[in-house]
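Open the model in your viewer and keep the selection tool at hand. We will go stop by stop.

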Amino acid sequence: MAVPARDASDVSDGRPAVRIASPTGKWILLTTVLGSSMAMLDSTVVNVALPSIGRDLDASLAALQWTVNGYMLSLAGLILLGGSLGDRFGRRKVFVIGVVWFAAASLLCGLAPNVGVLIAARVLQGVGGALLTPGSLAIIQASFHPDDRARAVGLWSGFGGVGAAVGPFLGGWLVDGPGWRWVFLLNIPVALLCAPVALRHVPETAGGTSRSGEAESGGGKSHRGFDVLGAVLGALSLALVTYALIEATSGSVLVWVAAVGGVAAGVAFVYVERRRPDPMMPLDIFRSRQFTAVNLVTLCVYAAFGGFFFLTALQLQVVAGYSALGAGTALLPTTVLMLLFSARSGELAQRIGPRIPLTVGPLLCAAAMLLMLRVGEDASYVADVLPALLVMGLGMVTLVAPLTATVLASVDTGRAGLASGINNAAARAAGLVAVAALPLLTGMGEEAYRSADAFDAAFSRAMPLCAGALVLGAVVAFATVRRPPPDCTRPECRTYGWLTSPPLEPERSRGVLGAQGPKGSASSKGSADPKGSAG
């Protein structure tokens, strides 16, 4: 029997009262972790399957780029709208629709007879991911008692990080075993478990109850505007720019039309968001110089990360001769370091301020990418690959937690979820542009991934470019990022395992600070200095 809405036993003084130790609380955590893990896994595991997909479907390098970017495009373009849909029509309902949609698209991916169908199905997968990813966190925020909410978010984040760590290993095992199609088909049994559990055990919440569980009042809305036009223009701009970059070597008129159209759609997006009374992405949030600065850092570093993980999975297989399982396993140290030490990195940044971590972290990652230049034919994992990935992991540990904390600290508490969503979308957009642009910038031909020598030469040109983007991010951070006020909003996600985007953070009540004590208590600060204090 479905749970239609939160009943009186689930509510205390107008606040959600589901506790983690209760059966309902455990079901909610299981459902949200399963749903978000599907979307997270498909952001990473597909990279290790690309050579096998290319061989089986006789795909060009451009087609493999679209296989990755088709998913990222719709996910990055629609993730903010997905959160608004949940606020408007019910978070459980939109989450379940997203799970079913994602599973149906995964089935289409697994059965794709050619690369064109695969790319279209990947775009549809991204739409499902944009519905279920923000929905999973919103369900946690709207359902759990305030005293348990920070712990619930932490568990969701931690288990999601474990999924991210296992993903490339599992993907590689599937590719080398039953075949690359099972990378997608695996999502179907997960969805068959997730959707019924959600319908039976997860209470419905919508716009009448804020994500903090408090009834909405005249003081402000808990959800962003239902801005379909803004979402369409944003996604269209990304799509046209991506097409122009991937197909640029053809030199056709259509490429130029796409490039101009992408810029025009971007300008129209800014115009619409400026004019709408309740936009999906309120532009006044960028009046905070700290918020603008940290998003510039995000664009630089996640462009480098997106290009790095796309090309490294290919380099290890095409040039170094690793199997798909070997390539997936090789990437584990980076994620494991993130899971083990990200919380401590966040605590350190709170003590010393974010400026040093946001400067040192990108520089460590840049050094790791230069170390990857040693990875060539018959490369030794211990001597050549592992040192680079360990340095990469240390750099990401140093960088990611302070970056998320600085994003939240730079805006009012009531805008924490919005700020996190914008930062997450910016990171995904930067990654997809990098995947589209790097083959063009390095002269990588359509068949480069079939030739070890050709791909190795292009990889050797790509890593310095990625390192340069990271150095630029470090310079921006050092020049612009300042210590936030001591009583600003703090992250509820403390354990990170995401490699291609920063973690999402939940919405906060305007009257409740996100900084949690050991027992989840909150202080009363409602906003942060938009300029950041000197330090």
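Begin with the cysteines: this predicted model holds zero disulfides. A disulfide is a covalent bond between the sulfur atoms of two cysteines. Select Cys365. Its relative accessible area is 0%, so Cys365 is buried, the cut-off being under 20%. Next, pick Cys466. Cys466 has 3% relative accessibility and also counts as buried.

Now zoom out to the whole protein chain. Colour by secondary structure to find 16 helices and two strands. The chain has 535 residues, and 61% of them count as buried. Then turn to the contacts. Among those with a separation of 6 or more, 84% join residues 24 or more positions apart.

Select residues 416-441 next. This is helix α15, with 26 residues. Buried or exposed, where do its residues fall? In α15, 23 of the 26 are buried, so the helix is largely enclosed by the rest of the structure.

Check the helix's length. At 1.5 Å a residue, α15 should span 38 Å. Its end C-alpha atoms lie 36 Å apart, which agrees.

While you are there, look along the helix. An α-helix has 3.6 residues a turn, so residues three or four places apart point the same way.

Where does α15 kink? Go to Val435, where the kink is about 25°.

For the last stop, step just past the end of α15. Select Gly443, which takes a positive phi of about 70°.

Technical notes: Residues are numbered from 1 along each chain as its sequence is written. This is a predicted model: local features need pLDDT of at least 70, side-chain atom pairs count only at pLDDT 80 or more; totals for chains, interfaces and linings use all residues. Side-chain values use heavy atoms; hydrogens and water are left out. Helices (H or I, at least four residues) and strands (E, at least two) are DSSP runs, numbered from the N terminus. The expected span of a helix is 1.5 Å times one less than its number of residues. The bend at a residue is the angle between axes fitted to the seven residues ending there and the seven starting there. Buried means under 20% relative accessible area, exposed over 50%, partly exposed in between (1.4 Å probe, protein chains only). Contact means heavy atoms within 4.5 Å. A disulfide is a pair of cysteine sulfur atoms within 2.5 Å.
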